[in-house]
Amino acid sequence: MTAKMVKFVITRQDNPETAPYTEEFEIPHRPNMNVISALMEIRRNPVNAKGEATTPVTWEMNCLEEVCGACSMVINGKPRQSCTALVDQLEQPIRLEPMKTFPVVRDLSIDRSRMFDALKRVKAWIPIDGTYDLGPGPRMPETKRQWAYELSKCMTCGVCLEACPNVNSNSDFIGPAPLSQVRLFNAHPTGEMNKEERLNAIMDDGGLAECGNSQNCVQSCPKGIPLTTSIAALNRDTTFQAFKNFFGSDR
Amino acid sequence: MAGSKDFVNRRIHSLLGVIPIGLFLVQHLVVNHFATKDADAFNAAAHFMENLPFRIFLETFVIYLPILFHAVYGLYITFQAKNNVSRYGYFRNTMFLVQRVTGVITLIFIAWHVWETRVQAAFGHEVNFSMMADILSSPFMIAFYLIGVLSAVFHFANGLWSFFVSWGLTVSPRSQKISTYVTMGVFVLLAIVSVRTIFAFI
């Protein structure tokens, strides 16, 4: 009896400068396997479908439970996490590509630095340091905490940037993920104290205004974060902020 | 400044599309609808419009400059996007592409339309029912006008939807959904008005 095989077509790239190429692999099927366990099998026995020895495929992974965002790649045309991509639920051959919105490091491994830079740019944190103990901050209502928790699920995986038509080499748009983080930190009772700084940061070039409302982000987000609601809410906040900036405000 | 150059330009682009360009479009289509009554009614309406006081001032600040800015910045926005409808065939993403396609078609149409009517008027031709009947005497021009006008009307209606989002008027998914129905209703109504008008000249 011949073992059931799973077919993969993987877009590979040896280093950031070289041209990408595809390589096919056939690996034995195991029940409940995901794309990562298939990639591990290729790493264990790096032989392509033609039977030639090749280099093992490089990819990134960490948590294996869809909370870290490291293993994102384009699987059968859609960006998603490879840990939760179950082989039995995918059409074969399974096509794996890197998320090319980001610089490709090697094979399926990409450099998501721009997302972390964007989080720094929009000040996606709550400043609580002082020269003395500032005491407890204002309380956050439980209902609001539950709502904010949904926004906090963002794992900087890059899927929304990959899906967005306005995040590309022609534009400096930071993408939906860091924008939604601004809404998260502005909603926090302590974070709200620095609301204007974050709003002004996303009103800078490459910020909120670059959104073209294609709404691919909210359709693609693996965590179901209401990204377009965040963007629209920030549009409202920045409308007021822009008038305050221009005409001045007595607060 | 209120925000960065991109932020301000983008907001101005969104605003101008509705006020004054959108309002002018609706007014223009409504006045032209006199053509469905008879030639005299259309000529009287056209005569009234071209004899408005401060005409060149109105045209410059309500029509020419806003459209010029909206067109130039709109082209810049259009060519910045890398459309991906084949991979993400969602409704809004499709509308995103159609908005850009109709924008470019509308620009080409408006350029030709202004040349044929307003520029000819400046050369001393009279803009009246027979001028339009003349323009629409070939099947090619009828098709060109139908595509051009329907593109303009769609671009306005769908642009109204994104205007509501861009200024933060519709935030929740439900409000954006209702706004989709309302703006598509605007498209259908204005499409009826404009198609009836075009066929009135034939």
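## A:Pro165 and its surroundings

In this predicted model, A:Pro165 counts as buried because 22 C-beta neighbours lie inside 10 Å, and 20 or more are needed for that class. The residue sits in the loop that runs between α4 (159-163) and α5 (176-187) of chain A.

Leaving aside neighbours within four places in sequence, the contacts of A:Pro165 come from both chains. In chain A they are A:Gly212, A:Ser214 and A:Asn216. In chain B they are B:Ala81, B:Lys82, B:Asn83, B:Asn84 and B:Phe96. A:Asn48, by contrast, is 117 residues from A:Pro165 in sequence and 34 Å from it in space, C-alpha to C-alpha.

## Contact between the chains

The contact of chain A with chain B takes 28 residues from chain A and 28 residues from chain B. On the side of chain A, α7 (216-220) and α8 (227-247) each supply at least two residues. The most comes from α8(A), with nine residues. Sorted by class, this side of chain A has 16 polar, eight nonpolar and four charged residues.

## Chain A overall

Chain A has 251 residues, of which 41% are buried. Its secondary structure consists of eight helices and seven strands. Taken along the principal axes, the C-alpha atoms fill a box of roughly 80 × 40 × 35 Å. Among the contacts in chain A with a separation of 6 or more, 64% join residues 24 or more positions apart.

## Two domains in chain A

The domain assignment divides chain A into domain 1 (5-110) and domain 2 (113-247). Taken over C-alpha atoms, the centres of the two domains are separated by 31 Å. Their contact takes eleven residues from domain 1 and 13 residues from domain 2.

On the domain 1 side, strand β4 (residues 78-81) gives the most, with three residues. By class, that side has five nonpolar, four polar and two charged residues.

## The five-stranded sheet

Five strands of chain A form an open sheet with mixed pairing, in the order β2-β1-β5-β3-β4. Strands β2 (21-28) and β4 stand at the edges; each has a single partner strand, so one side of each is left without a neighbour in the sheet. From one strand to the next the twist averages 35 degrees. Helix α1 (residues 35-44) of chain A packs on the sheet and touches β1 (5-12), β2, β3 and β5 (94-97). The direction of α1 makes about 95 degrees with that of β2(A).

Strand β3 (residues 72-75) of chain A pairs with β4(A) in the antiparallel sense over four bridges. One of the residues involved is A:Ser72, whose bridge partner in β4(A) is A:Gln81. The hairpin of β3(A) and β4(A) has two residues between the strands, and A:Asn76 there takes a positive phi near 50 degrees. Strand β3(A) also pairs with β5(A), in the antiparallel sense over two bridges. A:Val74 stands opposite A:Glu97 in β5(A).

## Backbone details

A cis peptide bond, with omega about 0 degrees, joins A:Gln92 and A:Pro93. A:Pro93 is found in the loop between β4 and β5 of chain A. In chain B, a cis peptide bond joins B:Ile19 and B:Pro20, with omega about 5 degrees. B:Pro20 has its place in the loop between α1 (5-18) and α2 (21-32) of chain B.

A:Asn32 is a residue other than glycine with a positive phi, near 65 degrees. It is found in the loop between β2 and α1 of chain A. A:Asn32 counts as exposed because it has 8 C-beta neighbours inside 10 Å, and the class covers 12 or fewer. For A:Lys123, also a residue other than glycine, phi is positive and near 55 degrees. A:Lys123 lies in the loop between α2 (113-121) and α3 (142-152) of chain A. With 18 other C-beta atoms within 10 Å, A:Lys123 is partly exposed.

## A helix of chain B

Helix α7 (residues 139-166) of chain B has 28 residues. From its first C-alpha to its last α7(B) reaches 39 Å, close to the 40 Å expected at 1.5 Å a residue. B:Gly168, which follows α7(B), has a positive phi near 80 degrees.

Methods: Residues are numbered from 1 along each chain as its sequence is written. Chains are lettered from A and ligands numbered from 1 in the order in which they are written. This is a predicted model: local features need pLDDT of at least 70, side-chain atom pairs count only at pLDDT 80 or more; totals for chains, interfaces and linings use all residues. Domain bounds come from an automatic or database domain assignment. Two residues are in contact if their C-beta atoms, placed from the backbone, lie within 7 Å. Ala, Val, Leu, Ile, Met, Phe, Trp, Tyr, Cys and Pro count as nonpolar, Asp, Glu, Lys and Arg as charged, and the others, Gly among them, as polar. Two strands pair if DSSP finds at least two bridges between them. Axes are lines fitted to C-alpha atoms, for helices over the stretch in contact, and angles run from 0 to 180 degrees between N-to-C directions. The expected span of a helix is 1.5 Å times one less than its number of residues.
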